[in-house]
Amino acid sequence: MGQSVSRTDFEWVYTEEPHATRRKLILAEHPEIKELMGPDPRLKWIVLGMVAFQLASIVAIAQLNPPWWQLLLLSYVLGGTINHSMTLAIHEISHNLAFGHARPMANRALGIFANLPIGVPYSVSFKKYHLEHHRYQGDDKRDMDLPSRMEGMLFCNSFTKLIWLFLQPLFYSIRPLVLYPMPMTKLEAINIAVQLGFDVLVVYFLGFKPLVYMVVGTLLSLGIHPVAGHFISEHYMFKKGYETYSYYGLLNCITFNVGYHNEHHDFPSVAGSRLPKVRAIAPEWYDNLPCHRSWTRVLYDFITDPEIGPYSRVKRPGASELPAAAAAAVNGDIDIDEAVRLRYSPMLTPDYSLAKKNTVANGNGHVNNNVANGNGHVNNNVANGSNGKKTE
């Protein structure tokens, strides 16, 4: 069954999410970042090309009628990779980065169109919950990116964590319906109707295998798949006190730079294609943060490391409860092991010595800005003995 996870609860903090504050501080020093904000005019054409490729693929599958084992392999390697990339195009579109905030319905229509080869209605509902994740990151009540307590209790060793990764699409779909249901909107109904209608047409004209290629590819690519490593790398706590992590690796080129996740949460109105420029403009705010170089390594570490599991997330009381909870912590009415967790996030301190330095890879798949800790995880700004100075 593998080693059991050592954590028995989330990492509770009593601060507000850090990115709104980071945004204000970074813009105060680098107002030129505002010039990067706005839609990417290429996005709609990229989406059109990806949808066209997948439509050609399902026609080819209908004509070639490959054996089931070849179909499943093709679904995982090709169709799943493209469909996962399409979900990240929808992520961009959910921030109105295709046509801008002035044309919200054009963005929603493109999202529904991009949804077609995925096979499962997704686009409109994703936007609704994803914006809550940005606004209330780590919120016990409203951030549905957080695993439930049941998930933390059940998937608590290497074997069950592997199962949990396979079932990620299921949990991401069911979790908001159970924990934070919202009324269905007209656009969601349209999204569902268009998608189911498209699926019926695919089966009617092309047969069942093309639909399997779409849907199974999507489900497999959202579970144990190299690209799916971003689900774990983005917010699972690989270093205590840090709740968002960027990934600076090659797979960014097929995922709309979703790996630049600190940059994205700091500036969600900057298109993914421009996020590397944010880091280049303000390296003192990014190169001092823990980050990843390999999503595959992230998945491996998540499964095998007993310190990491579904509970390895920073969580805060609901927004309405946060002030009272913070006051209770300060007064000693609740147990807390570090004062820094009450009022301060290490993500709010830039390192100006890094303004002209480049990030260095430590050779094990993760990034190490200063000192290697020898365990394959991120470790930067490590204290040098008792004097508290950084070793570089």
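Predicted model: local features only at pLDDT ≥ 70, side-chain atom pairs only at ≥ 80, totals over all residues.

A: Residues are numbered from 1 along each chain as its sequence is written, and side-chain values use heavy atoms, with hydrogens and water left out.

Q: What is the volume of the largest pocket, and which residues are closest to its centre?
A: Rolling a probe the size of a water molecule over the atoms shows where empty space is left. On a 1 Å grid over the protein atoms alone, a pocket is an open set of points with protein on both sides within 12 Å along at least five of seven lines, a cavity is a set where a 1.4 Å probe fits but cannot get out, and lining residues have an atom within 4 Å of a point. Points are joined across faces, edges and corners, and a volume is the space filled by probe spheres set on them. Here the largest pocket has about 1,000 Å³. It has 39 lining residues, and Y122, S125, F126, Y172 and S173 are the closest to its centre.

Q: Which residues line the largest cavity?
A: I90, I93, S94, R108, S123, V124 and K127 line the largest cavity, which holds about 30 Å³ of space.

Q: Which residues of α1 are buried?
A: Buried means under 20% relative accessible area, exposed over 50%, partly exposed in between (1.4 Å probe, protein chains only). Helices are DSSP runs (H or I, at least four residues), numbered from the N terminus. In α1 (residues 19-29), H19, R22, I26 and L27 are buried. They lie on the same side of α1 because they cover an arc of only 125° around the axis, taken from the directions from the helix axis to the C-beta atoms. K24 and A28, on the other side of α1, are exposed.

Notes. Helix = DSSP H or I, 4+ residues; strand = E, 2+ residues; numbered from the N terminus.
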